[in-house]
Amino acid sequence: MLFVVTGPSGCGKSTILAQLVKDVRSISFSVSHTTRPRRPSEAEGRQYYFVSETEFKRMIKKDMFLEWAEVHGHCYGTSKREIAARVKEGDVILDVDVQGARSIRTLRKDATFVFVLPPRAADLRKRLLDRGEDDNASIRRRLNNAKREIREASSFDYVIVNERLNRAVLELEAVVLAARCRAESQAAKIRAVLRSFPAAKK
Ligand code: ADP
Ligand code: 5GP
């Protein structure tokens with residue numbers, strides 16, 4: 001199954017997802033490609049694959065992305081290869097912007113879409129400042145984009161307000177576990193249980 005998480009920069013998506021993949025079995029994080037410079041706390045292949053603009057353009061030309069978008073002045077994309085490799089191991093969770101979520105919705109109607117909200121604008125600003133990994137111009141650009149992004153929240157399947165981190169993590173975990181229990185996801189299990197019954201006597 002595919003889970004797509006969106007929300008304005010700094011609302012806490014990466015923090016929530018990092019905890020979720022530790023807590024929940026058989027789900028992994030899809031690592032995107034980006035032309036954004038690596039932050040001091042980030043490692044190649046962990047949060048992102050960091051590539052040059054030339055390399056990113058080559059990947060677009062070769063149709064290697066499921067979706068890609070320009071966000072806050074840099075390019076970000078989900079490679080088809082990344083998703084194909086991870087779905088073999090279990091469920092996959094993506095952190096993409098609103099445009100990416102929109103593209104995936106047209107391609108994968110089966111995916112579950114979640115929007116993460118900050119409690120208030122002031123909290124978002126404080127989180128971006130406290131994270132201390134983007135320069136002032138970049139923080140301004142992220143805050144300016146946040147309102148436009150949040151206007152789309154109501155079109156998602158689920159909305160989580162990240163006020164208390166532990167609660168937000170539990171809510172996202174609940175979404176994943178509930179999606180796994182949907183009847184259409186349980187067809188193989190239903191058949192297996194039925195097979196465990198003895199054949200009816202004539
Ligand atoms: P995003 O991935 O959405 O850009 P991050 O996960 O990087 O956001 O979080 C931005 C900052 O906010 C980080 O410094 C993180 O530790 C902090 N943060 C995340 N969730 C909360 C929360 N519920 N309360 C306070 N700070 C938070
Ligand atoms: P950041 O630079 O803060 O890591 O991410 C900036 C924005 O890019 C976030 O909104 C994040 O969700 C989005 N993003 C990350 N990876 C992808 C991707 O592969 N595709 C798209 N469309 N957006 C992405």
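Hi everyone, this short talk walks through the sheet, the helices packed on it and the salt bridges of one structure. Please keep in mind that what you see above is a predicted model.

Let's start with the sheet. It is an open sheet built from five strands, and their order across it is β2-β7-β1-β8-β9, with parallel pairing. Which strands stand at the edges? They are β2, residues 27-29, and β9, residues 158-161; each has a single partner strand, so one side of each has no neighbour in the sheet. If you look at how neighbouring strands sit, they are turned against each other by 25° on average, ignoring direction.

Now let's zoom in on one pair. Strand β1 covers residues 2-6 and strand β7 covers residues 91-95, and four bridges join the two in the parallel sense. As an example to find on your screen, Val5 is opposite Asp95 in β7.

On to the helices. Helix α3, residues 80-87, packs on the sheet and touches β1, β2 and β7. The direction of α3 makes about 145° with that of β7. Helix α7, residues 165-181, lies across β1, β2, β7, β8 and β9, and α7 runs at about 160° to β9.

Next come the charges. Here is the general idea: side chains of opposite charge can pair when their charged atoms come close. How many salt bridges does the structure hold? There are 16 salt bridges, and I'd like to show you a few.

Lys126 and Asp130 form a salt bridge with closest N and O atoms 2.6 Å apart. Because they are four residues apart in helix α5, residues 121-131, about one helical turn separates Lys126 and Asp130. Asp130 has a relative accessible area of 54%, so it is exposed.

Some salt bridges also share partners, and in this way Arg36, Arg39, Glu42, Arg131, Asp134 and Arg142 are joined into one network. Within it, the side chains of Glu42 and Arg39 meet at 3.6 Å, N to O. Glu42 has 7% relative accessibility, so it counts as buried. Arg39, at 10%, counts as buried too.

Key: Residues numbered from 1 in each chain as written. Chains lettered and ligands numbered in written order. Predicted model: local features only at pLDDT ≥ 70, side-chain atom pairs only at ≥ 80, totals over all residues. Heavy atoms only, no water. Pairing = 2+ DSSP bridges. Axes fitted to C-alpha atoms, helices over the stretch in contact; angles between N-to-C directions. Contact = heavy atoms within 4.5 Å. Salt bridge = Lys/Arg side-chain N within 4 Å of Asp/Glu carboxyl O. Buried < 20%, exposed > 50% of the residue type's maximum accessible area, 1.4 Å probe, protein only.
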